[in-house]
Amino acid sequence: MTHGLRTNTQTPYLDRRRTWRNTAARYALLPLRLFLGITFIYAGLDKLTDSAFMKAAGPGSLGDTMRAVRDSSAVPALVDLALKNPVGFGYAIALGELAVGIGVLLGLLGRLAALGGALISLSLWLTVSWATTPYYYGNDLAYLMAWIPLVLAGTPLLSLDAVLPGRRRRGLGHYRY
């Protein structure tokens, strides 16, 4: 029985006739990747180079920020965890932001990097910006939503993720056409 058989097996990405719409669709996530990658690299470097931020106490320190938001956060236990070692937590967040930004910008393990970015944004939303009123003034929720398309789609174009699997296939005698 063939009434359930699909005969059209072409996909838009394999179609040699590239229209402007197909090209735009292929590159649609690239501006988002650039924005999030650059922003997270900047945020990580900003934290690492801010001497006040990387302290357990004092004006502008992560420790004082965590103590200030503890009672208004959605997950006070997460804030308590950060308060056990604010400096270590600050370095973890800063290095995590750098890793996420570099991974997404280069397209290296893009889905994993985007998931890391989403988790960082989620943790910041549930702690630091949870009490922001109205909610849309807090940017962490918007960053969380911005990461989701990259978690789902990855970094298929202009990325190391696209180049490295192709090299492995060619080494095995399989060629991409």
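## Salt bridges around Arg-70

In this predicted model, the side chains of Arg-70 and Asp-71 meet in a salt bridge with an N to O distance of 3.4 Å, a salt bridge being a side-chain nitrogen of Lys or Arg within 4 Å of a carboxyl oxygen of Asp or Glu. Arg-70 is partly exposed, at 28% relative accessibility, whereas Asp-71 is exposed at 70%; buried stands for under 20% relative accessible area, exposed for over 50%, and partly exposed for values in between, with a 1.4 Å probe and protein chains only. Arg-70 also meets the side chain of Asp-80 in a salt bridge, here at 2.8 Å from N to O. Because Asp-80 lies in helix H4 and Arg-70 in the loop between H3 and H4, this pair ties together parts that are 10 residues apart in sequence. Asp-80 is partly exposed, with a relative accessibility of 29%, and through shared partners the salt bridges join Arg-70, Asp-71 and Asp-80 into one network.

A search of the whole structure finds four salt bridges, and one of them links the side chains of Arg-67 and Asp-64 at 3.0 Å from N to O. Arg-67 and Asp-64 are three residues apart in helix H3 (residues 62-69), so about one helical turn separates them. Arg-67 is partly exposed at 41% relative accessibility, and Asp-64 is likewise partly exposed, with a relative accessible area of 31%.

## Overall fold and basis of the model

The protein chain has eight helices and zero strands, where helices (H or I, at least four residues) and strands (E, at least two) are DSSP runs numbered from the N terminus. Read along the sequence, the chain follows the pattern α-α-α-α-α-α-α-α, and of its 177 residues 31% count as buried.

Residues are numbered from 1 along each chain as its sequence is written, and side-chain values use heavy atoms, with hydrogens and water left out. Since the model is predicted, local features need pLDDT of at least 70 and side-chain atom pairs count only at pLDDT 80 or more, while totals for chains, interfaces and linings use all residues.

## A nonpolar surface patch

Ile-102, Leu-106, Leu-108, Leu-109, Leu-112, Leu-115, Leu-119 and Leu-160 form a nonpolar patch on the surface, with about 710 Å² of accessible area together. Patches are made of residues with over 30% relative accessible area and no salt bridge, like charges being joined within 9 Å and nonpolar side chains (Val, Leu, Ile, Met, Phe, Trp, Tyr) within 5 Å; the accessible areas come from the Shrake-Rupley method with a 1.4 Å probe, and for residues only the protein chains shown count as cover.

Helix H5 (86-106) and helix H6 (110-127) each supply at least two residues of the patch, and H6 gives the most, with three residues. Leu-112 lies in helix H6 and is exposed, with a relative accessible area of 56%.

How many cavities of 30 Å³ or more does a search of the whole structure find? The search finds one, and the largest cavity has a volume of about 50 Å³. On a 1 Å grid over the protein atoms alone, a cavity is a set of points where a 1.4 Å probe fits but cannot get out, and lining residues have an atom within 4 Å of a point; grid points are joined across faces, edges and corners, and a volume is the space filled by probe spheres set on the points.

The largest cavity is lined by Met-66, Leu-78, Val-79, Ala-82, Phe-89, Ser-123, Leu-124 and Thr-127, and the elements that give two or more residues to this lining are helix H4 (76-84) and H6. The lining residues divide into six nonpolar, two polar and no charged, with Ala, Val, Leu, Ile, Met, Phe, Trp, Tyr, Cys and Pro counted as nonpolar, Asp, Glu, Lys and Arg as charged, and the others, Gly among them, as polar.

## Backbone features in the loops

Most residues other than glycine have a negative phi, and most peptide bonds are trans. Leu-109, in the loop between H5 and H6, has a positive phi near 50° and is exposed, with a relative accessible area of 54%. Leu-158, in the loop between H7 and helix H8 (160-171), also has a positive phi, near 50°, and counts as exposed at 58% relative accessibility.

A cis peptide bond joins Thr-133 and Pro-134, with omega about -10°. Pro-134 is found in the loop between H6 and helix H7 (139-153).

Key
On a 1 Å grid over the protein atoms alone, a cavity is a set of points where a 1.4 Å probe fits but cannot get out, and a pocket is an open set with protein on both sides within 12 Å along at least five of seven lines; lining residues have an atom within 4 Å of a point.
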